[in-house]
Structure formats: C-alpha cells, structure tokens
Amino acid sequence: QVQLVESGGGLVQPGGSLRLSCAASGFTFSSSAMKWYRQAPGKERELVAFISSTSSTNYADSVKGRFTISRDNAKNTVYLQMNSLKPEDTAVYYCNVRKLVMGTTYAYWGQGTQVTVSS
C-alpha cells in the first residue's frame, strides 16, 4: 500500500533553514509527480511545491525563491529545502501523491511534520 513518511521538521529562528524529507513506498515513485502542502492553524491546506516525474517544478508565490523541491528516485524520496524561513511559514507540512486506480484518482498523504518559525 502507498506510504508517505515525512521528517525533518522542527523549531527554527526566522531566517533559518530546514530540509524536509518524504520517504515513499508502495507505488512507482520514479513515474509519479509529488507535492508538498502545508496547513497552518485555522487555515486551509495549501499547495507549496510540485515536482513532476521529469523533475519540472512549480511553487506557490509565497515561497518562490526561498524553497526548493527535489527528488531522489534511487531513494524514493522527495525533499523540500526551505531557506529564509519566516514566521508565516509555520505550519504542518504534508507530502502528497495522487494515483489513478481503476479509473478513480486517490490522494495519499503522509502524517505531516511540524515546522515552527519563531524567535
């Protein structure tokens, strides 16, 4: 079955950096587009970054130039490098993949990893 396990969150001061990892299993990772979402308290979950199977990327305007999504197909892992962190980046970060199974699209999520940006 599909499993996504995020790690790398924590407490960091404004201007600091963190690298999140998402270890994937149960599907063909190399042919799958992957996404990072985040959800802050009291807010809706929002798309942060996207990487295609060919490593094309796209970012939310709020993180462009600060965050970098990448993938290592040999390790079945997707990363989110976060630099110049701001307090408004505080959220639970989730890894996501969508798979088509017998004509139905399913969205799979990890358990999330907390990122807190505070002095």
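Reader: Leaving aside its neighbours within four places in sequence, which residues is Asp-89 in contact with?
Author: With those neighbours set aside, the contacts of Asp-89 are Arg-38, Arg-66, Phe-67, Ser-84, Val-115 and Val-117; contact means heavy atoms within 4.5 Å. This is a predicted model, in which local features need pLDDT of at least 70, side-chain atom pairs count only at pLDDT 80 or more, and totals for chains, interfaces and linings use all residues. Residues are numbered from 1 along each chain as its sequence is written, while side-chain values use heavy atoms, with hydrogens and water left out.

Reader: With which side chain does the side chain of Asp-89 make a polar contact?
Author: The partner is the side chain of Arg-38, at 2.9 Å. A polar contact is a pair of N or O atoms within 3.5 Å; within protein, one must be able to donate a hydrogen and the other to accept it, and residues adjacent in sequence count only if both atoms are side-chain atoms. The 2.9 Å pair is therefore a polar contact.

Reader: How many helices and strands does the protein chain have?
Author: There are 0 helices and 11 strands. Helices (H or I, at least four residues) and strands (E, at least two) are DSSP runs, numbered from the N terminus.

Reader: What makes the chain as compact as a globular protein of that length?
Author: The radius of gyration is 14 Å, close to the 14 Å from the globule rule for 119 residues, so the description applies. The radius is taken over C-alpha atoms, and the rule is 2.2 Å times the number of residues to the power 0.38. Of the 119 residues, 41% are buried.

Reader: What is the order of the open sheet of 4 strands?
Author: The order is 1-3-8-7, with antiparallel pairing.

Reader: Why are strand 7 and strand 8 said to pair?
Author: Two strands pair if DSSP finds at least two bridges between them. Strand 7 and strand 8 have 6 bridges, in the antiparallel sense, and therefore meet that condition. Within this pairing, Phe-67 stands opposite Met-82 in strand 8. Strand 3 and strand 8 also pair in the antiparallel sense, over 6 bridges, with Thr-77 of strand 8 as the bridge partner of Ala-23.

Reader: Which residues are on the covered face of strand 7, and which on the uncovered one?
Author: Phe-67, Ile-69 and Arg-71 are on the covered face, and Thr-68, Ser-70 and Asp-72 are on the uncovered one. In a regular strand the side chains alternate between the two faces of the sheet.

Reader: What does the turn of the hairpin formed by strand 7 and strand 8 contain?
Author: There are 4 residues between the two strands, and Asn-76 in the turn has a positive phi of about 50 degrees. Most residues other than glycine have a negative phi. Asn-76 has its positive phi although it is not a glycine. At 27% relative accessible area, Asn-76 counts as partly exposed. Ser-84, also not a glycine, has a positive phi of about 50 degrees and is partly exposed at 40%.

Reader: Is Phe-29 buried or exposed, and why?
Author: Its relative accessibility is 2%, so Phe-29 counts as buried. Phe-29 lies in the loop between strand 3 and strand 4. Beyond neighbours within four places in sequence, its contacts include Met-34, Asn-76, Thr-77 and Val-78. Phe-29 and Thr-77 are 48 residues apart in sequence but 8.2 Å apart in space, C-alpha to C-alpha.

Reader: Which residues in the largest nonpolar core touch the most other members?
Author: They are Leu-4, Met-34, Trp-36, Val-78, Leu-80, Met-82 and Tyr-93, out of 30 residues. Among the elements giving two or more residues to this core are strand 3 (18–25), strand 4 (34–39) and strand 8 (77–82). A nonpolar core is a set of buried Ala, Val, Leu, Ile, Met, Phe, Trp, Tyr and Cys residues joined through side-chain atoms within 4.5 Å. Leaving aside neighbours within four places in sequence, Leu-4 is in contact with residues including Cys-22, Phe-27, Met-34 and Trp-109.

How values were computed. Buried means under 20% relative accessible area, exposed over 50%, partly exposed in between (1.4 Å probe, protein chains only).
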